Amino acid sequence: MGDKVSIILTSYNKPDYLQKAIESVINQTHSNWELFVMDDHSNEETTAVIHKYLYDHRIHYKNSFVHPQHRLKTTRYATLINDALPYATGDYISYLTDDTVYHPNRLSRMVQTFLCHPEAQAVYSKQKVVHVNERGEEMSHFYRNANTVLDQAAFQVDHCSVMHRRLLLDRIKDKYGSYWDDDMKHWNHGDSIFWLRVNTFAPFLPINEVLDTTYKTPNSFQNAFQFLPADLIDGTFVKGSDQHVYFLDQGVRHPVGERWRSVYLDRTVIIPDPYLFQYHMGKCLNIPNYVLVKEADRPAVFYIDAGKKRRIESQHAFQFYQFKRKDILTIDKEVLESLPEGPPITRERSGVIANPPGRRLFFIERERFLFLHGVFHPISEQVVRKFFLQQKPIPASFRNIQQFPIGKPFYPVYDEIIKNLNIAIE
Ligand code: TYD
Ligand code: MG
């Protein structure tokens, strides 16, 4: 048997990191490899990087040209890997993402291990995980160890730390009908779902040496996906990897002008691109919903709610609903006048919450709720932390909100998926 390794590198819009990933393959001490650069319709900057390396006959490139509407339909990297695998001619298969680098002896150490252990089907190695900030500077790091034989590698071993024999693929396809399961619900852990398949045939042998370093950027899917509810919350300022800020409103993402910078600066939520692409692009908004505004020379403060301006009737109401003076933006008289008037925001003596402002957070008998579109939604603390860091919840009791329905909760979708998979996670 030979010692050729097929590497499947999946890429999406990370030109700088991608360049390092490709070079880390070129710099391997073991030279018998082929590299499939599977690009998922990245921007030009990224494809330009790829083209620089196509002179090397060992490097193959395919662009998926995926349409934005289809991006969310499958776990993209798994789809790309499945597209590449039929062309792989190596004795061994190894996976790489665009934000990871292989250390120079990665291939040689792994191939060596296979040569010493003819019975082994899959090996894995120790990984360095580096968290970087938006400027690419290291903030912290930790290691994922590799010191035991794993019968259950799922949720223990990263995408980029594994090599397996190619022949195993036929057995996997026979049994499961495909190589990688690219069902969309596994986006955040598609590698683990594949390891589950591998583990039905063989354990993973450890190599207790750091053979790759992966970089977690603030935009990385894992960070962006963490604590995200299945439905994003209307009225959120979001940004994907291109850094443009959008305002989400019922299936539409509106670009937001610079003039709202002070409002969105500390409350923009980073979300994965596929989530962003689900929303149709709308027009640039004059005034987004759920902001506090006033005219320059007038004391009246308004809350923009469902496209209407709602006057906040008293200081008492302003405080009760946890509004903050620093959030009030002064706008032109004409802009304010152009908006239809909604019911005022009041604070009743009886304590009854008659017509509360939309998209405010409540604390009702030790639980958190979000009032949105006339419904109180239970919301988990983690989702609150991601979406409402800046708002203190409004204290209330069920008695005082009893005329409103209780709706679907906003809980992190990831937890639900893991629970349904029914596997132990350390
Ligand atoms: P990445 O954003 O690095 O996720 P994580 O937070 O888990 O590190 O993406 C993982 C891989 O998926 C990476 O190789 C790029 C690829 N990918 C696509 O192929 N298409 C896409 O639309 C996205 C978002 C990622
Ligand atoms: Mg990544």
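**Exercise 1.** Identify which atoms pair up between ligand 1 and the side chain of Lys 216, and then how much of ligand 1 the protein covers.

*Solution.* Step 1: in this predicted model, an N or O atom in the side chain of Lys 216 is 3.4 Å from an oxygen atom of ligand 1. A polar contact is a pair of N or O atoms within 3.5 Å. Step 2: ligand 1 has 540 Å² of accessible area on its own, of which the protein covers 91% (Shrake-Rupley method, 1.4 Å probe).

Local features need pLDDT of at least 70, side-chain atom pairs count only at pLDDT 80 or more, and totals for chains, interfaces and linings use all residues. Residues are numbered from 1 along each chain as its sequence is written, chains are lettered from A and ligands numbered from 1 in written order, and side-chain values use heavy atoms, without hydrogens and water.

**Exercise 2.** State which polar contacts Asp 40 and Thr 10 make with ligand 1.

*Solution.* Step 1: a nitrogen atom of ligand 1 lies 2.6 Å from a polar side-chain atom of Asp 40. Step 2: for Thr 10, a side-chain N or O atom is 2.8 Å from an oxygen atom of the ligand.

**Exercise 3.** Describe the composition of the shell around ligand 1.

*Solution.* Step 1: the shell residues (a heavy atom within 4 Å) divide into seven charged, five nonpolar and four polar. Step 2: helix H4 gives the most, with three residues (a helix is a DSSP run of H or I, at least four residues).

Technical notes. A polar contact is a pair of N or O atoms within 3.5 Å; within protein, one must be able to donate a hydrogen and the other to accept it, and residues adjacent in sequence count only if both atoms are side-chain atoms. Helices (H or I, at least four residues) and strands (E, at least two) are DSSP runs, numbered from the N terminus. Ala, Val, Leu, Ile, Met, Phe, Trp, Tyr, Cys and Pro count as nonpolar, Asp, Glu, Lys and Arg as charged, and the others, Gly among them, as polar.
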